[in-house]
Amino acid sequence: MSDQQSGQQPEPPKPGGPKPEGPTPDVSKPAVSKPEVSGAEVSGDEVSETGVAGPEVAPRAPVSVGEAAPGRAKAGSASARTPAPTVPPQSAGPEVPKVPAYLQAPPPPDVWQRRAQHQPSGLLSRLRPPAPPAIDAATLWSVLATALLSALLLGDGLGINILVVAVTAALAAYFAARGARRRLRPWTAVWAVGGLALLAVPALRDAGWPVFLAVVSALALGSLALHGSRSWPGVLLGSVGLVPSIAAGVRWGWHGVRARADDSRGRVRTAVRTSVVAVVLLVVFGTLFASADAAFADLLGSLTPDVSVGDSPWRVFLFVLGLAGALAAAHSAAAPVRWDRITVRPGKARSRAEWALPLIVLNLLFAAFIALQLAVLLGGYDKVLEETGLTPSEYARQGFWQLLWATVLTLLVIALALRWAPRGGPRDRTLVRGVLGVLCVLTLVVVASALRRMDLYVDAFGLTRLRISVAAVELWLGVVLVLILAAGVFGARMLPRAVAVSAAAGVLAFGLLSPDGLIAEQNVQRYQSDRTIDIQYLKGLSADAVPALDELPEPLRSCALRNFQRDFAAEDTPWYASSWGEREARDVLEKHPLREVGADCYGVGREADERDGYEEEDSYDPY
C-alpha cells in the first residue's frame with residue numbers, strides 16, 4: 001500500500017534524530033505537526049502546542065484510518081509503520097503548569113463589592129483595634145456577679161456596696177484584658193487605683209453632692225484605665241469612652257454565651273439545676289431557722305438584702321445596668337478605642353509681633369490690677385470702700401465671681417495662644433515660654449486675690465455649699481496654672497494626664513474633708529465668737545454635720561438636730577448602703593438625746609439680728 005493510500009502523514013524528523021526512510025516529503029507547504037488520535041474523539045479541553053490547557057472547543061469528528069484529514073498533505077509510507085502518539089488523559093501524568101497570575105485575565109468587576117470597599121467606615125471602627133477574642137468563662141462569671149450584686153445591693157442606697165460592685169466589674173475587665181494579652185501599664189494602675197479610691201467617698205460621707213462628684217470621677221478614671229489615653233483628645237474622650245462600648249460589649253457577651261451554651265448544653269443544665277436546688281434549700285431552712293430564733297432572724301435580715309415585689313422593676317433595671325456596664329468595661333479592656341489616634345492639627349503659626357503684642361498688653365493689664373490689689377491689702381481697703389460705697393461683704397462677693405471668670409478665660413487664652421504660637425526656632429520657643437509664663441504667674445496672683453475675697457465673704461456671711469464649691473474650683477484652677485508653668489519648663493507631654501490626676505485628687509480630697517462637716521463647724525465657730533448663725537440652713541445639711549452641730553448650746557442644738565433624729569427613726573438602711581458619717585451621727589444622737597423644745601425652734605434662726613447682713617438676693621441658695 002502506497003503512502004497516499006495509507007491516509008497517514010509521516011512525522012517530521014526530530015532535531016538531531018535519524019532521518020525517516022522513504023521519499024522526502026514536499027516541504028513547499030509546511031505541514032502541521034499535531035498528534036492525532038486514531039479512532040477516538042478529542043475532548044473539549046485540548047492540549048495546545050505549549051502544553052497548556054486551552055479553552056473548551058466543540059468536539060471534532062473522529063478520524064478513521066484510511067481517510068485523510070481535511071486540509072492536510074499526504075505523507076509517505078514510512079510514517080505508516082510508526083504508531084501515532086496518543087494524548088494522555090488530563091488526570092494522569094505530570095501536573096500541567098498553571099498560568100502565572102500576571103498573565104491571567106482580571107476577574108469581572110463586582111459592583112456591590114466595589115461599593116462596599118469605597119464606603120467610608122465609621123469613626124469607632126477606625127479607632128478600635130481588631131475584634132477581641134471570644135469571651136472566656138472567668139469574664140462571664142465576673143459580669144454575672146456584677147449584675148447580681150448591682151440588683152441586690154445598689155437598690156437601698158450608696159455606701160460600701162458600690163465599691164464591691166466596682167471590684168467585680170474590675171475583675172471582669174482584668175480577665176478580658178488577660179484573654180486579649182494586654183499588659184498592665186503603670187498609668188493603667190494609677191487610673192484604676194484612683195477610681196477605686198474615689199469610690200471610698202460614698203462609704204465615708206453621707207452628703208449627696210460630693211458622693212455624686214466622686215462616683216462620676218471614678219467612672220471617668222475607670223474609663224481612662226481601660227483605654228490608656230495620654231493626649232488631650234484621648235484624655236477628654238477616653239474619660240467617657242465606656243459609652244460607645246456598651247452595644248459592642250453586649251453583642252460580644254451574647255455571642256460568647258451562645259457559643260458556650262451550644263458546646264456544653266449538659267453542663268449548663270447541670271449548673272442550673274444545682275443552683276436552683278441550692279436556692280430552694282437556703283430559702284426553706286433559712287426561713288425555719290429565722291422563725292425559730294429571733295437573734296438568727298436579725299442576723300439573717302442584716303446580711304441579706306431586703307427585696308420586695310414593689311421594687312422589682314428597679315432591681316431589674318439595676319441588673320441590666322450592671323450587666324451592660326460590666327460587659328462594656330470588659331470589651332473596652334479587650335479591644336479599647338484608641339482615642340489618641342484623633343489628632344488636632346496646630347493652627348497657622350503667626351509672626352512674633354502679631355502673636356506677642358496682644359499678650360503683652362494683657363500682661364500689663366494684669367500687672368496694673370495686681371498692683372491695685374496690693375495697695376488695697378496694704379492699707380487702702382477702707383478708702384476703697386468709701387469711694388465705691390460698698391460694704392465689705394459686697395466688695396468681697398462682687399470681686400470673687402469676676403476673678404473666677406478671669407481665671408477661666410485666661411486658661412482659654414493660653415490654649416489659643418499655644419495653637420497659633422510662632423514655631424520658627426529656639427528664639428520663638430523662648431518668646432512663647434516667657435510671655436505665657438509671665439501671664440500664668442500674674443494669673444496665680446489673681447487666684448490668690450479671689451480666694452482672699454471669698455475668705456472675707458465667708459467671714460461676713462458664713463460658709464455654704466455654694467461658696468465652698470466655687471472656692472475649691474478656684475483653687476484647682478490655680479493648680480492647673482502651676483502645671484502649665486511646669487510644662488513650660490519640663491515639657492508638655494505629661495500635661496493632659498497631670499491635669500486629669502489633679503482633678504481626681506481634688507475631688508477625692510473634697511469628699512474626704514467632708515464639706516458639710518466643714519460648713520457646720522465654721523458656722524458653729526462663728527456663733528461661739530458672738531456672730532450670727534443660720535439654723536434653718538444648717539438643718540438641711542447631711543448627717544456629716546451632726547458632730548459639729550452637737551457642740552451648739554441648747555435649745556439651738558436640739559432645734560438643729562431634730563430633723564436628723566426623725567429621719568434616722570424612719571429609715572432602716574442596711575449596713576452596706578449606709579456611710580460611716582451616718583453611723584457616727586446615729587451614735588452621737590444615741591449618746592446625747594435631744595430635748596423636747598416644742599415651739600421654741602420656730603423662732604430660732606429667724607430673728608433680724610441672726611439674719612443680719614444677708615441681702616435679699618442671697619437668701620436663696622440652691623445648695
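This is a predicted model: local features need pLDDT of at least 70, side-chain atom pairs count only at pLDDT 80 or more; totals for chains, interfaces and linings use all residues.

**Core and selected residues**

Author: In the largest nonpolar core, which has 54 residues, Leu549 and Leu552 touch the most other members. A nonpolar core here is a set of buried Ala, Val, Leu, Ile, Met, Phe, Trp, Tyr and Cys residues joined through side-chain atoms within 4.5 Å. Buried means under 20% relative accessible area, exposed over 50%, and partly exposed in between, with a 1.4 Å probe and protein chains only.

Reader: Which element gives the largest share of this core?

Author: H16 does, with ten residues. Helices are DSSP runs of H or I with at least four residues, numbered from the N terminus.

Reader: What does Leu552 touch, not counting residues up to four places away in sequence?

Author: Leu552 touches Val524, Tyr527, Ile533, Ile535, Arg557 and Ala560. Contact means heavy atoms within 4.5 Å.

Reader: Which residues does the second, separate core include?

Author: That core has 20 residues, among them Trp191, Leu198, Ala214 and Ala225.

Reader: Back to H16. Ser449 is in that helix; buried or exposed?

Author: Ser449 counts as buried because its relative accessibility is 13%. The helix covers residues 426–461. Leaving aside neighbours within four places in sequence, Ser449 is in contact with Gln373 and Leu403.

Reader: Now Leu149. Where is it found?

Author: Leu149 is in helix H4, residues 137–153. At a relative accessible area of 24%, Leu149 is partly exposed. Its contacts beyond four places in sequence are Leu154, Val164, Val165 and Thr168.

Reader: Backbone next. Which residues does a cis peptide bond join?

Author: Glu554 and Pro555, with omega about 5°. Pro555 sits in the loop between helix H21 (546–549) and helix H22 (556–570).

Reader: What about phi of Arg181?

Author: Phi of Arg181 is positive, near 60°, and the residue is not a glycine. Arg181 lies in the loop between helix H5 (161–179) and helix H6 (186–198), and counts as exposed because its relative accessibility is 77%.

Conventions:
Residues are numbered from 1 along each chain as its sequence is written. Side-chain values use heavy atoms; hydrogens and water are left out. Helices (H or I, at least four residues) and strands (E, at least two) are DSSP runs, numbered from the N terminus.
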